[in-house]
Amino acid sequence: MFDKVLIANRGEIALRIIRTCRDLGVRTVAVYSTPDADARFVHAADEAVHIGPGAPTRSYLNIPNIIGAALRTGAQAVHPGYGFLSEDPYFAEICADAGITFVGPPPDVMENVGDKATARRLMTAAGLPLLPGTTEPVDSVEAADEIARDIGYPVIIKAAAGGGGRGITVVRRPEDLKEAYVTTRAGAQAVFKNSAVYLERYLPVTRHIEIQVLCDDFGGAVHLGERDCSVQRRHQKLVEESPAPGLPPKLREQLGAAAVAGARAVGYRGAGTVEFLLETDPAADHAFWFMEMNARIQVEHPVTELVTGVDLIAEQLRIAAGRPLTVRQEDIEIRGHAVECRINAEDPGRGFAPTPGLLENYRAPGGPWVRVDTDYAPGSRVSPYYDSMIGKLIVWGPDRATALDRTLRALEEFEVSGPGVRTTIPLHQEILRHPEFRRGGVPTDFLPRHFSL
């Protein structure tokens, strides 16, 4: 195992990684920007290095400063968390060149699964079902028009390097294709520094199911069940739960086997997530399609941890240190039900506009079976520079109904307020009380159908 790990990230995920490192006896180095100087994760780490001002391009995306911090402090490995540099193969290569272990898959694997068009081609070869669409970037409006007419409208244009719900445009009519194609490419270039896009058929009503996988360098590969992430706004997740409600056991086995087969096919190493779209029409006999693979720890990983008892960060670190997985497929048992609510500093009534500001009042819930992953405390300030997520409320119960009731109780205890600060807590309460959500298995259009947001 490593003696010292640098965490190239901030906020709740940095604190989450530091805690597991302490459990493993690993010393930690935090890197921080000027606005984060007093953040909890900075004080929780054994060492801390200032890497620049608030703008991410000058701090958390500043590779020379991060590598310099790792070398100066003698860190043997870098854990990237999620977001920022977590899926940047160039960063992973530079870590390797500097003699530092990147906690994640090899750069070439990251590059292959990070390019969504390439990933579609590789997963097709591995036998995973795909929606009709392209497995190569579409490089002209004329080609996009021909492909769209062939697979049928509506279609979805996706940035090949996209993620987190960004770089996606749904096109319902041929006359809208040109503008959507040009706009999506321009946005992809601006956000992801890669203008490549691909097309696939758009299914307006599906469920979003993802499978957590772990793979080591010794041929070990397991899945840890599924997460249902269908409650979304603008293709970004709000509520996640595990296991997914209402899936027949045979379908669970098929999804898990497909995810492991896909991960093996691309030579994956570490913790990853294979995401699928699941047909909601009973007549379709639970058809599912590969959507994408995320080569990082996911925001929603705690729901998997609560139902499996497996510390995913610890497994990531062990795999990166060259050790085999500590679990076999037959060891993994799903117990009970877990729900995660992302508590964001956003105003749902104004299109989920971020509401940064001072948290004059902050009190996180507690009690049995309640976990809150956050870096915030009374007096913290939600920075306009970064993601607006204040924290993650994760609650376990022996069954789904109990887990939902406990989550509602915890949401009622959650106190967050400050000048101008709004949160998604009231919306989460409405969602968890909604009869359709309580029945389970809602599709991805649940939120726009029932809420005027």
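**Ground rules.** I am working with a predicted model, where local features need pLDDT of at least 70 and side-chain atom pairs count only at pLDDT 80 or more, while totals for chains, interfaces and linings use all residues. Residues are numbered from 1 along each chain as its sequence is written, and side-chain values use heavy atoms, with hydrogens and water left out.

**Domains.** I began with the division into domain 1 (4–103), domain 2 (132–201) and domain 3 (206–450); these bounds come from an automatic or database domain assignment. The contact between domain 1 and domain 3 takes 32 residues from domain 1 and 26 residues from domain 3, where contact means heavy atoms within 4.5 Å. Taken over C-alpha atoms, the centres of domain 1 and domain 3 are separated by 24 Å.

**Helix H11.** Next I looked up H11, residues 312–320. Helices (H or I, at least four residues) and strands (E, at least two) are DSSP runs, numbered from the N terminus. I found 9 of the 9 residues of H11 buried, among them Glu315 and Arg318. Buried means under 20% relative accessible area, exposed over 50%, and partly exposed in between (1.4 Å probe, protein chains only). At the N-terminal end, aspartate 311 caps H11, with a side-chain oxygen 3.0 Å from the backbone nitrogen of isoleucine 313. After H11 comes glycine 322, with a positive phi near 85°.

**The second largest pocket.** I noted about 240 Å³ of space here. A pocket is an open set of points on a 1 Å grid over the protein atoms alone, where a 1.4 Å probe fits, with protein on both sides within 12 Å along at least five of seven lines; lining residues have an atom within 4 Å of a point. Grid points are joined across faces, edges and corners, and the volume is the space filled by probe spheres set on the points. Which residues lie nearest the centre of this pocket? From the 14 lining residues, I wrote down His223, Gly225, Arg252, Glu253 and Ile334. Helix H9 (249–265) and strand S10 (221–233) each supply at least two lining residues, and H9 gives the largest share, with 5 residues.

**Threonine 206.** Is threonine 206 buried or exposed? I have it as buried, because its relative accessible area is 2%. Threonine 206 sits in strand S9 (residues 206–215). Beyond its neighbours within four places in sequence, its contacts include Leu277 and Pro443.

**Aspartate 399.** I located aspartate 399 in the loop between strand S21 (389–397) and helix H12 (400–413). Its relative accessibility is 35%, so it counts as partly exposed. Aspartate 399 lies 64 residues from arginine 335 in sequence, with 8.7 Å between their C-alpha atoms.

Most residues other than glycine have a negative phi, and most peptide bonds are trans. I found a cis bond between tyrosine 153 and proline 154, with omega about 0°. Another cis bond runs from serine 242 to proline 243, with omega near -5°. Lysine 193 is not a glycine, yet has a positive phi of about 60°; at 63% relative accessibility, it is exposed. Tryptophan 369, also not a glycine, has a positive phi of about 70°, and is partly exposed at 49%.

Methods: Polar contact = N/O pair within 3.5 Å; in protein donor to acceptor, adjacent residues only side chain to side chain.
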